[in-house]
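Q: I would like to learn how to read a few features of a model. Can we begin with how its segments are named?

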Amino acid sequence: MKLTVFGATGGIGQEIVHQALASGHAVTAVVRDPGRLSVGGAGLEVFRADLTDPEAVRAAVTGRDAVLSGLGARSRKDAGVATRLTRTVLGAMEAEGVRRLLVVSAGPVGPDPESAGLLDRTARGLISALLKDVYADLREMEAELARSTTDWTSVRPPRLQNKPVTGSYRTTVGGFPAKGRFIARADVAHAMLAMIDDPGTVKQGVGVAY
């Protein structure tokens, strides 16, 4: 497949690029600073762009089978960036008639698992309060997705770890795996690539965790 990856220099974004290339996909990595992209190989195109203007990134998405985004705030001071940048991506995709989009959100944005215990509910509540601006940004980002014409999927992980890909994790469409507290960035990338052709995840939030 022909894939475009936004946020390609981030932890999840670089994993998406690496794993997609290893699987034989053609990948366009959209970056502001090519020097920060540590992934390389056959099938990779590096597309340098400022993501403040949809017109500037239309060429990066035209003719692609799917777009994957690891864009998002790295800290509370960056709150708002996920919505702004995703709006740019949506504008470019809609202009070019590209439909499939997968983005990274966060577990607390979705509903609690029905079987969540007091410890898990308390932990999610504390994290949500601490990072309320970041999660408000992600909720607005998901609202933008819902208003769009794309076939979107919002992938919602819990606390992220820098560990190797395992390919062994749980996913819950429209919810979140019970007692799911961690997942590696590499496995989030693996899940996103696996969902590209999964019609059951279209226009859905999907919780993913160990």
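A: Helices and strands are DSSP runs, numbered from the N terminus; a helix has at least four residues and a strand at least two. In this predicted model, the chain has six helices and 10 strands. R64 sits in the loop between helix 2 (54–61) and strand 4 (66–69).

Q: Is R64 buried or exposed?

A: Buried means under 20% relative accessible area. R64 has 16% relative accessibility, so R64 counts as buried. Across the chain, 49% of the 210 residues count as buried.

Q: Which polar contacts does the side chain of R64 make?

A: A polar contact is a pair of N or O atoms within 3.5 Å. The side chain of R64 makes one with the side chain of T28, at 2.7 Å. A polar atom of the R64 side chain also lies 2.6 Å from the backbone oxygen of T62. Leaving out residues up to four places away in sequence, R64 touches K2, L3, T4, T28, E45, A59 and V98.

Q: What span should helix 5 have?

A: At 1.5 Å a residue, the 16 residues of helix 5 (residues 132–147) should span 22 Å; the end C-alpha atoms are 23 Å apart, which agrees.

Q: Which residues of helix 5 are buried, and where do they fall around its axis?

A: An α-helix has 3.6 residues a turn, so residues three or four places apart point the same way. In helix 5, the buried residues are V134, Y135, D137, L138, M141, E142, E144 and L145. Seen down the axis, the buried residues of helix 5 fall within an arc of 165°, so they line one face of the helix. K132, A146 and R147, on the other side of helix 5, are exposed.

Definitions and conventions. Residues numbered from 1 in each chain as written. Predicted model: local features only at pLDDT ≥ 70, side-chain atom pairs only at ≥ 80, totals over all residues. Heavy atoms only, no water. Buried < 20%, exposed > 50% of the residue type's maximum accessible area, 1.4 Å probe, protein only. Expected span 1.5 Å × (residues − 1). Arc of directions from axis to C-beta. Polar contact = N/O pair within 3.5 Å; in protein donor to acceptor, adjacent residues only side chain to side chain. Contact = heavy atoms within 4.5 Å.
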